[in-house]
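Let's take a walk through this model together. Please have the sequence and the 3D view open as you read.

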Amino acid sequence: MTSGAVATDRPEPATPGAAGHADDGAVPSPRADRAERGERAQAAVERLRAAGVEAVAVTWVDNAGIARVKAVPLGGLVHAAQWGVGAAPCFDVFLADDTIVTSPLIGGPTGDLRLYPDVERIVPLAAQPGWAWAPGDRYTQGGAPHPGCQRLFARRTVAAAAERGLTLKAGIEIEWVAALAGPPHEEPRYPTAGPAYGMQRLTELSDYLRDVLRALGEQGLTVLQIHPEYAAGQFEVSVAPEGPVEAADTSVLVRHTIRAVSARHGLRVSFAPAVEAGGVGNGGHLHLSLWRDGHNLTHGGPGPHGLTAEAEGFLAGVLGELPALLVLGCSSPAGYLRLVPSHWAGAYQCWGLENREAALRLVTGSSGERASAANAEIKCFDATANPYLAVGGVLAAGLAGLDQRLALPPEVTDDPAQAGPDGVPRLPAGPDEALAAYRRSALLREALGEPLYGAVLAVREAEREQYADATPEELASATRWRY
């Protein structure tokens, strides 16, 4: 539940080629720069071979929030960078349990796409010797951007911000629960009985947490902090901020790394929002700050707590769209087991300075570092989200609010649950309400484009029906080890 995910600039990576490259978000054409891509891939091959890498895992995240993968041997990386790897478009309508549905414009057994590894982001995996990882972008066989590619959608929204002279820094907090390895149907058994946030828990798993830190550092990531969280066996790690697409990439890489380190320690991990029904679940809080010409617009302005007019408009746009944005940021029906009052999950559609019960928490940072540290945290998101959809949807909503010069509503300075039924509005308490808001959202329909908008809707509707009659315990059990 930390607030430091966007406190400082990310330094240069310790491992060459490990960090994401910052750009203006423009979507490149693999057809136009095929020779250049080949040259960069060949340089990456030489670097990776020296690091003992034998294969590269290329991932994308589907609309159910599951990371899918195609891998190539190191000798095939140049060809993959130039021509892509085959990937069926039906992956856009996979559910978390691998059921396949369909949507009006995406789905079915026919067609193919090309998955291109982002060679600038390739990193050797410290906890998986012989392997490297890269995020992928998906294009048609003719070289056009696939309209269902979530990473390209996020890049489009970054480009839209750049057209306005704006950049953003982002970070996604990673919370997870570590459990002893066992069969999928088994209830989780925790490797530590230490108290919430307790030093005892860190001591009992100090070798494990050290190895998580070591692996992340060897992969060029700067960890800001790592600590035990509230729930049994729960931990959190925050890394340094970067561009929105790069932050989404990093969230995928961090989770892969935690899984790999955990397996080496005889542990399994869950990033699910509700590992046990009725408990405090795992969030995937998104921190954002808005910048122009090197100046943090969430600091030094005349608005509430130093917000500039641009930052206030941006955050007002996000806050107003949050009911629909839950479809992107709270993907699984299990997310609503977490999104309840008095759990610091951000269940109310309101904002407040350092208010952990508000869906939008304003963080100014400590005196003396506010110009770099001030940011806003979206607390209602969790790790079932496709991170590219989450950051892209938030940027689209924020830019619309900025363009419309919206103002924030009055601040909520205490627990919104105490305001009564006619006070602060609740965010949707289940997928039905969120889907209704999503269907009404012309903003998200336009930003996502009809193919991606429809594929997301089809997946969410199918998973809502799939678990409509499940008890909280059944829902938590069914999704616990899928994320």
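We begin with helix packing and then turn to the spaces inside.

This is a predicted model, in which local features need pLDDT of at least 70, side-chain atom pairs count only at pLDDT 80 or more, and totals for chains, interfaces and linings use all residues. Residues are numbered from 1 along each chain as its sequence is written, and side-chain values use heavy atoms, with hydrogens and water left out.

Start with helix H3 (residues 150-163), which packs against H10 at an angle of about 30°, the two axes lying 8 Å apart. (Helices are DSSP runs of H or I with at least four residues, strands are runs of E with at least two, and both are numbered from the N terminus; axes are lines fitted to C-alpha atoms, for helices over the stretch in contact, and angles run from 0 to 180 degrees between N-to-C directions.) That angle makes H3 roughly parallel to H10, a label given to angles under 35 degrees, while those over 145 count as roughly antiparallel. On the H3 side, the contact (heavy atoms within 4.5 Å) includes Phe 153, Ala 154 and Val 158, and on the H10 side Tyr 388, Val 391 and Leu 395 are among the residues involved.

H10 also packs with H6, here at an angle of about 155° and with the axes 9 Å apart. H6 and H10 are therefore roughly antiparallel to each other.

Now for the spaces. On a 1 Å grid over the protein atoms alone, a cavity is a set of points where a 1.4 Å probe fits but cannot get out; a pocket is an open set with protein on both sides within 12 Å along at least five of seven lines, and lining residues have an atom within 4 Å of a point. Grid points are joined across faces, edges and corners, and a volume is the space filled by probe spheres set on the points.

Of its 13 lining residues, Ile 172, Gly 284, Asp 382, Ala 383 and Ala 385 are the closest to the centre. Helix H6 (244-264) and helix H10 (387-403) each give two or more residues to that lining.

The second largest pocket holds about 440 Å³ of space. Among its 23 lining residues, Ala 67, Val 252, Arg 255, His 256 and Arg 259 lie nearest the centre. H6 gives the most to this lining, with 5 residues.

Methods: Angles under 35 degrees count as roughly parallel, over 145 as roughly antiparallel, 65 to 115 as roughly perpendicular and the rest as oblique.
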